Amino acid sequence: MAPSNEDGRERGRDRDKPLYMISVAAELTGMHPQTLRVYEQKGLVTPGRSRGNTRLYSQADIERLNLISKLTDEGINLAGVVRILDMRERMLDREAELDELRARVRKLEDEVHEYKMQEKITALARYDAAGSPEQVMRRLLLGGAQDEKNDD
């Protein structure tokens, strides 16, 4: 695989690539091929299809089937499994959205910081005969409180 600054997305696409025929998927999950067909009919898993209409399961499908197996082994019926998988997908979507929002907030914080620094630099560059550089700096650092005291 070529190096990419989108490694996370590259790996995500690799996980979703249809690779395994039903017999291999059944062996990898310890399930009977008919069980995999039933799970597909019930919408628990959606394998890809080859040109010849052969079911092809991805690594993500295998992981999902293993989770389904674990849940059913714990006594959860298929209706419960469907609800759990739906809630899990929604949770993962929210986590991805939250990560994106956090990144946007960090970027905005950086932009605000840069803007404030530019304002300070501009203010320092604008001093004139009415104020020495020390007075301008004091106002900037102390928020003008020191100058108000000196004016009294």
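Predicted model: local features only at pLDDT ≥ 70, side-chain atom pairs only at ≥ 80, totals over all residues.
Residues are numbered from 1 along each chain as its sequence is written. Local features need pLDDT of at least 70 and side-chain atom pairs 80 or more, while totals for chains, interfaces and linings use all residues; side-chain values use heavy atoms, without hydrogens and water.

**Exercise 1.** Find which residues of α2 are buried (under 20% relative accessible area, 1.4 Å probe, protein chains only) and explain where they lie around the axis.

*Solution.* 
1. The buried residues of α2 (residues 22-29) are I22, A25, A26 and T29.
2. Their arc around the axis, taken from the directions from the helix axis to the C-beta atoms, is only 100°, so they lie on the same side of α2.
3. These buried residues pack against β1 (20-21), α3, β3 (55-57) and α4 (59-73).

**Exercise 2.** Describe how α2 and α3 pack.

*Solution.* 
1. The angle is about 100° and the axes are 9 Å apart, with axes fitted to C-alpha atoms over the stretch in contact and angles running from 0 to 180 degrees between N-to-C directions.
2. The two helices are therefore roughly perpendicular (65 to 115 degrees).
3. From α2, I22, A25, A26 and T29 meet P33, L36 and R37 of α3.

**Exercise 3.** State what follows each helix.

*Solution.* 
1. After α2 comes G30, with a positive phi near 75°.
2. After α3 comes G43, with a positive phi near 80°.

Note on methods:
Helix = DSSP H or I, 4+ residues; strand = E, 2+ residues; numbered from the N terminus. Parallel < 35°, antiparallel > 145°, perpendicular 65-115°, else oblique. Contact = heavy atoms within 4.5 Å. Buried < 20%, exposed > 50% of the residue type's maximum accessible area, 1.4 Å probe, protein only.
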